[in-house]
Amino acid sequence: MKMTLVKLLRDYRPLLVFAVLLVSFRTTIADWSPVPSGSMEPTLVPGDVVWIDKTAFGPSLPIINKKLLTWGSPKRGEVITFVPPHKDQLFVKRVIAVPGDRLRIEGMKLWVNGQPLTQQITREEAEYLLGEEIIDGHEHPFKLTRGMGMPYVGKTIEVPQGKYFVMGDHRNNSADSRFWGFVDQDKIMGRVVGIALSFSPRRGWDRFALPVH
């Protein structure tokens with residue numbers, strides 16, 4: 001039995017080395033994850049596979065999504081991957097407010113620390129609206145589906161230390177911090193830096209390796 005095990009280890013040594021290197025790479029440097037829903041449209045669509053920078057906030061184990069160390073912190077407007085407080089599953093959303101921020105939400109309108117976010121509608125279709133929003137000088141798109149309601153918070157929220165408030169770019173079709181609360185810093189797995197590849201019929205080759213920020 002011992003000789004058989006030794007032989008197996010010797011015969012499959014290149015594969016084992018590759019597996020160890022792959023796990024190490026996905027833990028400490030970068031990872032990838034499919035997008036399961038349309039909550040981040042039009043930035044990300046179902047079928048996209050996003051590229052995740054693991055060096056931004058600290059290493060974490062892939063698949064089980066367990067944070068090992070924490071360093072660095074997300075900025076407003078960045079797209080991150082994290083485990084929400086209500087479900088053991090990897091989510092992708094945009095950071096709207098960071099620890100210490102005062103946030104007010106009135107339907108589509110957002111105020112951060114008393115300043116309204118610049119928003120404008122850029123395209124109107126029969127079923128949806130597309131717009132652009134500026135957070136800390138960086139522009140990103142958002143989407144509204146006609147006929148769907150919008151959460152109305154109507155009060156100023158102060159983000160606690162070690163917590164983040166996130167939202168999907170598809171503003172009235174996203175389960176996010178408006179529904180289940182803040183994201184813990186030690187539950188943030190990485191920064192989404194781009195679309196590695198896409199299996200969505202809505203993507204073409206022009207979307208390959210497209211940066212998100």
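The legends below describe close-up views of a predicted model.

Local features were taken where pLDDT is at least 70 and side-chain atom pairs where it is 80 or more, while totals for chains, interfaces and linings use all residues. Residues are numbered from 1 along each chain as its sequence is written, and side-chain values use heavy atoms, with hydrogens and water left out.

**View 1**
Helices (H or I, at least four residues) and strands (E, at least two) are DSSP runs, numbered from the N terminus. Of the 213 residues, 43% count as buried; buried means under 20% relative accessible area, exposed over 50% and partly exposed in between, with a 1.4 Å probe and protein chains only. The protein chain exposes about 11700 Å², of which carbon and sulfur atoms supply 59%. Accessible areas come from the Shrake-Rupley method with a 1.4 Å probe, and for residues only the protein chains shown count as cover. Among contacts with a separation of 6 or more, 54% join residues 24 or more positions apart, where contact means heavy atoms within 4.5 Å.

**View 2. An open sheet of 4 strands, in the order β9-β8-β7-β13.**
Pairing in this sheet is antiparallel; two strands pair if DSSP finds at least two bridges between them. Strands of a sheet pair through backbone hydrogen bonds, either parallel or antiparallel. The edge strands are β9 (115-116) and β13 (156-158), and each pairs on one side only. Strand β8 (residues 109-112) is joined to β9 by 2 bridges in the antiparallel sense. W111 has P116 in β9 as its bridge partner.

**View 3. The loop between β8 and β9, with N113.**
N113 is not a glycine, yet its phi is positive, at about 55°. This residue lies in the loop between β8 and β9. N113 counts as partly exposed because its relative accessibility is 29%.

**View 4. An open sheet of 3 strands, in the order β10-β11-β12.**
The strands of this sheet are paired antiparallel. β10 (118-124) and β12 stand at the edges with a single partner strand each, so one side of each is left without a neighbour in the sheet. From one strand to the next the twist averages 25°; axes are lines fitted to C-alpha atoms, for helices over the stretch in contact, and angles run from 0 to 180 degrees between N-to-C directions. Between β10 and β11 there are 6 bridges, in the antiparallel sense. In this pairing T118 stands opposite I134 in β11.

**View 5. The loop between β11 and β12, and the ring of Y128.**
D136 is located in the loop between β11 (128-135) and β12 (138-145). Its phi is positive, near 50°, in a residue other than glycine. K143 lies over the face of Y128, at 4.8 Å from the ring centre. A charge sits over a ring if NZ of Lys or CZ of Arg is within 6 Å of the ring centre and within 35 degrees of the ring normal.

**View 6. A cluster of F82, F91 and W180, linked by ring pairs.**
Rings of Phe, Tyr and Trp (its six-membered ring) pair if their centres lie within 6.5 Å; planes under 30 degrees apart count as stacked, over 60 as edge-to-face and the rest as tilted. By this rule the count comes to 4 aromatic pairs. One of them is the tilted pair of F82 and F91, at 6.0 Å centre to centre with 55° between the planes. F82 and F91 are both buried. The rings of F91 and W180 have centres 6.1 Å apart and planes at 80°, so this pair is edge-to-face. The pair links distant parts of the chain, 89 residues apart: F91 is in strand β6 (residues 91-97) and W180 in helix α3 (residues 177-180). F91 counts as buried because its relative accessibility is 13%, and W180 counts as buried because its value is 15%.

**View 7. The cis peptide bond between E41 and P42.**
Omega of this bond is about 5°. P42 is placed in the loop between β1 (30-34) and β2 (48-53).

**View 8. S60 and D186, 126 residues apart along the chain.**
The C-alpha atoms of S60 and D186 are separated by 9.8 Å. S60 belongs to strand β3 (residues 60-61). S60 counts as buried because its relative accessibility is 1%.
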